[in-house]
Amino acid sequence: MHRRALLAAPALAALPAAAQGSSVDSLLVLAVDASGSIDADEFALQREGIADAIAHPAVLAAIRSQPRGAIGIAMVEWGSPGGAATVVDWLRVSDTASAAVAAGAMRDAPRSRQSFNAIGDAILHSAALIAAAPWAATERTIDVSGDGPDMRSRVPAPEARDRVVAQGITINALAIEVSSNWAGGALAAAYERDVIGGAGAFVMRAEDRRDFARALRAKLIREVALAPGPRLG
């Protein structure tokens with residue numbers, strides 16, 4: 001969706017989440033890498049990719065295919081140990097207008113201050129955000145995207161993953177394999193081992209940041225539609 005169309009959307013983001021609708025099919029937290037490895041241009045590409053994916057007609061079709069035709073979505077940025085931040089609180093997405101509002105909010109939210117790679121702490125922060133959501137949903141998912149492995153979490157990613165999966169939350173991941181140290185599926189394998197978990201959990205790969213929007217779009221469709229598939233792809 002073009003930038004002007006996003007900015008022209010109704011100001012639904014100003015409404016309290018509880019006023020946006022009474023029910024959703026699923027709750028989804030986008031836990032996005034904002035660590036020091038991502039420069040300003042890469043950050044802008046990532047944010048634009050998120051906005052494009054959320055407002056894409058195929059994602060909306062997947063949302064509408066569900067019984068209530070709505071999801072709750074929020075965005076967390078991670079990096080610093082214990083410093084994961086909610087940069088966009090819960091929004092209900094059910095149609096083109098509400099998707100445009102969510103897309104604009106996620107594209108334009110100020111960047112939080114982050115460093116290092118603390119994925120485990122981000123997983124726990126995202127689970128607490130789900131617990132505080134204004135809607136109940138059987139399907140609850142944390143969608144971790146990043147360009148490196150967990151390194152400095154106060155609670156290591158495998159331990160955080162196990163705690164959160166025990167609550168019935170699924171953790172999926174998108175590996176952005178821009179670093180030569182983690183190319184060729186190495187980062188996806190690390191996320192497979194240390195990050196994902198829960199029913200039907202999977203990893204998808206983006207070969208660079210320009211591929212991020214396509215990969216995230218495919219990932220959102222799969223998550224919203226709860227489509228079965230291989231864990232690593």
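Modeller: The axes of helix H3 (residues 57-64) and helix H8 come within 9 Å and cross at roughly 5 degrees; axes are lines fitted to C-alpha atoms, for helices over the stretch in contact, and angles run from 0 to 180 degrees between N-to-C directions. Because angles under 35 degrees count as roughly parallel, H3 and H8 are roughly parallel to each other. On the H3 side the contact is made by Ala58, Val59, Ala62 and Ile63, and on the H8 side by Arg217, Leu220, Ile221 and Val224; contact means heavy atoms within 4.5 Å. Helices (H or I, at least four residues) and strands (E, at least two) are DSSP runs, numbered from the N terminus.

This is a predicted model, in which local features need pLDDT of at least 70 and side-chain atom pairs count only at pLDDT 80 or more, while totals for chains, interfaces and linings use all residues. Residues are numbered from 1 along each chain as its sequence is written, and side-chain values use heavy atoms, with hydrogens and water left out.

Helix H8 also holds glutamate 223. With a relative accessible area of 7%, glutamate 223 is buried; buried means under 20% relative accessible area, exposed over 50%, and partly exposed in between (1.4 Å probe, protein chains only). Leaving aside residues up to four places away in sequence, glutamate 223 touches Leu28, Thr141, Asp143, Asn172 and Phe202. With asparagine 172 there is a polar contact between the two side chains, at 3.0 Å. A polar contact is a pair of N or O atoms within 3.5 Å; within protein, one must be able to donate a hydrogen and the other to accept it, and residues adjacent in sequence count only if both atoms are side-chain atoms.

The loop between strand E6 (203-206) and helix H8 (212-225) contains arginine 210. At 69% relative accessibility, arginine 210 counts as exposed.

Definitions and conventions: Angles under 35 degrees count as roughly parallel, over 145 as roughly antiparallel, 65 to 115 as roughly perpendicular and the rest as oblique.
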